[in-house]
There are 2 protein chains.
Amino acid sequence: MSKQALEYLQQNRENLLNKLNEFLAIPSVSTDSRHKDDVVQAGNFVADYLKEIGFQSVELQETPGHPLVYGEWLEAEGAPTVLLYGHYDVQPADPLELWDSEPFKPEIRNGRIYARGASDDKGQTFMHLAVFEAFMKTEGRLPINVKVCIEGEEEIGSKHLYQVLEDKLDQYKADFAMISDSGMVEAGQPTILYGLKGFTGLEFTVTGPNRDVHSGIYGGAVKNPAMAMAHMIASLKNEDEQVTVPGFYDGIEELDAEERRLMNESPGENYSESIGIMEETPEKGYTAKEHTMARPTLEINGMYSGYQGEGAKTIIPSTATAKISCRLAPGQEPDVVQKLIVDHLHHVVPKGVKLDVTPLPLSGKAYKIDPNHELLQKAAQSYSDAFEKEAVFVRLGGSIPVVEMIDRLFGIPVVLLGFGTPEDNLHSPNESFPLESFDKGMEVLVNYLEKLAE
Amino acid sequence: MSKQALEYLQQNRENLLNKLNEFLAIPSVSTDSRHKDDVVQAGNFVADYLKEIGFQSVELQETPGHPLVYGEWLEAEGAPTVLLYGHYDVQPADPLELWDSEPFKPEIRNGRIYARGASDDKGQTFMHLAVFEAFMKTEGRLPINVKVCIEGEEEIGSKHLYQVLEDKLDQYKADFAMISDSGMVEAGQPTILYGLKGFTGLEFTVTGPNRDVHSGIYGGAVKNPAMAMAHMIASLKNEDEQVTVPGFYDGIEELDAEERRLMNESPGENYSESIGIMEETPEKGYTAKEHTMARPTLEINGMYSGYQGEGAKTIIPSTATAKISCRLAPGQEPDVVQKLIVDHLHHVVPKGVKLDVTPLPLSGKAYKIDPNHELLQKAAQSYSDAFEKEAVFVRLGGSIPVVEMIDRLFGIPVVLLGFGTPEDNLHSPNESFPLESFDKGMEVLVNYLEKLAE
């Protein structure tokens with residue numbers, strides 16, 4: 001274990017936290033065009049940092065959307081080459097009124113850093129860069145060769161990443177990839193993710209009358225688009241949480257008893273404490289752990305129609321809109337599932353209203369790797385050395401489309417080194433990241449880079 | 001016919017229109033607490049006008065909400081006394097971006113006055129006052145005794161009107177009532193309304209997790225409140241436009257063949273031209289005319305949940321809310337229907353979410369009067385003299401809870417003298433009122449007051 005690198009991280013902890021806060025203070029919300037310049041600023045922050053550390057060929061690679069940051073350090077002759085992926089963009093911060101401190105003014109309290117992106121993914125990406133800095137400042141070199149790819153469009157589905165990687169296959173080529181954009185099953189519990197869900201989504205609008213109209217005068221002649229939308233949405237899933245779109249489950253492998261046992265034995269979150277729900281409502285025939293880790297989902301992310309203000313407004317709305325997304329299991333093809341849903345909506349839309357569907361530009365297949373793979377076993381050991389606790393192996397309900405993208409383009413294994421915790425409020429108000437994960441996580445990374453050089 | 005009063009109206013047309021514009025310019029949106037002062041200002045406008053005309057005992061009667069304007073002129077000895085009801089409050093103007101001119105900067109174009117309230121109900125209330133002014137200025141008296149009751153809470157369900165009227169039964173007592181807060185089946189077609197629908201409504205919120213949560217991490221464990229709401233709403237009405245809340249239709253008299261014939265023969269609106277719908281979708285077994293005029297409705301007025309911004313946000317929303325209202329047929333009790341819906345919602349709410357229901361403070365029974373009543377026949381003649389066209393007799397899908405309220409409190413007939421047209425965009429952007437209705441409508445009122453004195 002590199003004592004020097006670890007000591008460097010401890011001695012420079014305050015400087016590093018200040019630097020992280022600078023990064024978190026940039027409101028790099030990729031989905032919102034008003035934040036376009038902020039996103040570029042966050043990209044420049046990463047590029048400048050890489051140059052400072054001593055990376056070469058550092059550049060912002062332009063895309064039709066937000067740029068990609070590339071950098072490399074390739075002087076570890078004979079050692080393997082890792083591709084580090086991360087993202088410097090973040091989710092929108094609204095509803096703002098639910099934050100206890102400003103989302104883009106990082107604040108440390110209760111042993112946590114509070115800010116949008118503290119966990120997902122600026123904080124975790126930053127840890128890798130800090131570890132590279134520690135090695136370079138103390139040993140003048142990294143244990144293995146490193147290529148860095150930090151993008152600005154993860155929260156909008158990595159729209160242009162695939163094209164860039166495909167165009168520059170040689171530049172990005174590596175022996176394996178590592179990503180820290182996930183979490184541990186509970187704080188302090190080393191967790192190796194060996195599976196992720198895929199993703200697809202769409203938005204649809206139902207239009208009735210060409211404007212909001214008086215419910216007394218037109219009620220009885222006109223199809224209400226909000227009512228039509230409710231019927232259409234209700235036709236997507238039944239009350240047993242089974243998706244009722246024909247063909248939705250095609251191609252999914254049934255979970256075997258052993259995998260079910262592992263899932264159900266893994267430590268989990270107490271939902272009534274963490275998010276205040278009264279009871280779990282998984283798909284019929286599965287536990288909540290099985291459903292969140294391994295079964296596909298279909299969720300309404302947002303919907304709106306008509307009057308939303310104070311009091312009443314007795315209208316039939318002109319339009320109703322819903323945003324829908326799915327998390328997919330291995331075996332499901334994102335494009336196929338999206339088309340099944342679109343076809344189903346066209347099939348069930350009632351007469352008297354018009355349906356417009358906008359497919360979301362986000363998409364990705366699920367990913368699964370053998371938990372006994374050497375790269376994962378080394379990661380598990382690096383974790384347990386730092387956290388002094390055995391690692392558990394789990395699958396996650398979240399989607400990191402880039403994992404499947406890297407797998408498809410390069411055919412290399414992807415190692416997920418997550419340091420987040422269930423209390424991080426990802427995508428929610430009061431996102432935060434524990435200082436314990438920051439400190440011990442960097443120790444894990446130091447250990448891992450050295451083990452990879454062996 | 002009082003030539004003098006009619007001439008006065010013609011000669012003072014520009015002044016009267018300017019005065020109406022002053023009235024329309026006050027944004028007296030009763031549902032929005034930010035407009036509280038504007039609502040009072042509109043009430044004062046009416047009171048000041050009544051004093052100017054020569055009404056006595058004019059006062060703003062305070063309520064826990066917005067005030068009521070009272071005034072009287074009772075010097076027509078031996079003649080009957082009419083209670084004139086109107087309202088000076090208006091619906092919200094949003095969505096503002098869909099207006100071609102400012103909602104509270106009245107503008108005349110294409111022979112119409114464009115402004116929120118131009119038709120509903122400031123414009124029509126104003127016509128009565130102008131006619132009173134014309135009689136007083138020319139003959140020094142009105143043909144019959146008049147009591148005036150103009151309220152500021154019609155668009156929020158006349159919340160406090162009933163209490164005030166009940167407390168001041170003697171003050172408001174009259175032989176019959178007249179109201180201009182409705183329309184004609186088409187521009188220039190004299191229309192006598194002999195029936196109105198009742199009203200009830202409610203708002204409900206479904207709550208799942210205590211904040212918006214990540215759809216990947218929690219999807220599969222947590223009931224999605226937007227999905228739950230869709231199922232609940234879909235359970236209220238089937239695709240044949242039949243309300244499926246048990247007991248909803250109880251007590252309604254079936255329409256007889258003669259009334260169906262009259263309804264279907266009455267001139268109607270071409271919905272594809274007026275509001276751009278592709279086809280009518282009435283309740284199974286009824287025509288659109290029958291449903292809008294005489295059958296009850298259940299409509300979603302608004303609904304919202306989760307993320308509504310640009311792009312995607314992959315969350316499970318914390319809450320979902322819907323605003324629902326019903327138009328009721330004779331025989332339905334508003335409170336009973338409201339309770340049936342609330343009970344039904346509690347019955348169908350799925351496990352895993354919490355239901356909160358807020359009944360709307362709006363309510364009123366349907367109203368029906370014999371179309372052969374002398375007061376209606378005189379009204380029909382007054383119309384046909386002014387418009388040079390025979391009147392048609394119809395029922396309307398809209399609700400004027402005050403009609404039923406007056407019927408219940410005073411047991412007197414209510415005459416509905418509507419001058420609006422289907423093109424008025426009530427409750428919608430670009431509300432307007434035709435100048436033809438303004439001019440000929442005042443002629444109708446002059447005729448009617450004189451006929452009532454006979």
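# A walk through a predicted two-chain model

The side chains of Arg112(A) and Asp424(A) meet in a salt bridge, with 2.9 Å from N to O. Arg112(A) belongs to strand β5 (residues 112–114) of chain A and Asp424(A) to the loop between β17 (414–416) and β18 (432–434) of chain A, so the pair ties together parts that are 312 residues apart in sequence. Side chains of opposite charge can pair when their charged atoms come close. Over all chains, the structure holds 48 salt bridges. The model described here is predicted.

His427(A) is not a glycine, yet its phi is positive, at about 65 degrees. Another backbone feature of chain A is the cis peptide bond that joins Asp94(A) and Pro95(A), with omega at about 0 degrees. Pro95(A) sits in the loop between β3 (81–87) and β4 (107–109) of chain A. In chain B, the peptide bond from Asp94(B) to Pro95(B) is cis, with omega near 0 degrees, and Pro95(B) is placed in the loop between β3 (81–87) and β4 (107–109) of chain B. Most residues other than glycine have a negative phi, and most peptide bonds are trans.

The next step is the division of chain A into domains. The domain assignment gives domain 1 as 3–196 + 366–453 and domain 2 as 198–263 + 281–363. The C-alpha centres of these two domains of chain A lie 32 Å apart. Contact between them involves 15 residues of domain 1 and 15 residues of domain 2. The two domains of chain A bury about 1,200 Å² between them, and 52% of this is on carbon and sulfur atoms. Of the area that domain 1 of chain A buries against domain 2 of chain A, 47% is supplied by Ala366(A), Arg395(A) and Ser399(A), more than by any other three residues.

Two salt bridges are found across this domain interface of chain A. Glu259(A) forms a salt bridge with Lys368(A), and the closest N and O atoms are 3.7 Å apart. Three residue pairs are in polar contact across the interface of domain 1 and domain 2 of chain A. On the side of domain 1 of chain A that touches domain 2, the elements giving two or more residues are β8 (191–196) and β16 (392–396) of chain A. The largest share of that side, three residues, comes from β16(A).

The contact between them takes 93 residues from chain B and 93 residues from chain A. Chain B and chain A bury about 8,000 Å² between them, 53% of it on carbon and sulfur atoms. The count between the chains is two salt bridges. Lys223(A) forms a salt bridge with Glu241(B), where the closest N and O atoms are 2.8 Å apart. There are also 43 residue pairs in polar contact across the interface of chain B and chain A. To the side of chain B that touches chain A, β11(B) gives the most, with 10 residues.

Strand β11(B) is also part of a sheet that takes strands from both chains. This open sheet has eight strands in the order β14(A)-β9(A)-β13(A)-β11(A)-β11(B)-β13(B)-β9(B)-β14(B), with antiparallel pairing. At its edges stand β14 (354–364) of chain A and β14 (354–364) of chain B, each with a single partner strand, so one side of each is left without a neighbour in the sheet. On average, neighbouring strands of this sheet are turned by 20 degrees against each other, direction ignored. Within chain A, eight bridges join the antiparallel strands β11 (residues 297–306) and β13 (residues 319–328), and Ser305(A) stands opposite Ala320(A) in β13(A).

Helices from both chains pack on this sheet. Helix α8 (residues 225–234) of chain A touches β9 (198–207), β11, β13 and β14 of chain A together with β11 (297–306) of chain B, and its direction makes about 150 degrees with that of β9(A). Helix α8 (residues 225–234) of chain B lies across β11 of chain A together with β9 (198–207), β11, β13 (319–328) and β14 of chain B. This helix of chain B runs at about 150 degrees to β9(B).

A further open sheet lies in chain B, where three strands follow the order β15-β8-β16 with mixed pairing. Its edge strands are β15 (367–368) and β16 (392–395) of chain B, each pairing on one side only. Strand β8 (residues 191–196) of chain B runs antiparallel to β15(B) and is joined to it by two bridges. Gly195(B) stands opposite Lys368(B) in β15(B). Helix α13 (residues 374–387) of chain B packs on the sheet, touching β8 and β16 of chain B, and its direction makes about 145 degrees with that of β8(B).

Conventions: Residues are numbered from 1 along each chain as its sequence is written. Chains are lettered from A and ligands numbered from 1 in the order in which they are written. This is a predicted model: local features need pLDDT of at least 70, side-chain atom pairs count only at pLDDT 80 or more; totals for chains, interfaces and linings use all residues. Side-chain values use heavy atoms; hydrogens and water are left out. Two strands pair if DSSP finds at least two bridges between them. Helices (H or I, at least four residues) and strands (E, at least two) are DSSP runs, numbered from the N terminus. Axes are lines fitted to C-alpha atoms, for helices over the stretch in contact, and angles run from 0 to 180 degrees between N-to-C directions. Contact means heavy atoms within 4.5 Å. Domain bounds come from an automatic or database domain assignment. Buried area is the accessible area (1.4 Å probe) that two parts lose on being put together, summed over both. A salt bridge is a side-chain nitrogen of Lys or Arg within 4 Å of a carboxyl oxygen of Asp or Glu. A polar contact is a pair of N or O atoms within 3.5 Å; within protein, one must be able to donate a hydrogen and the other to accept it, and residues adjacent in sequence count only if both atoms are side-chain atoms.
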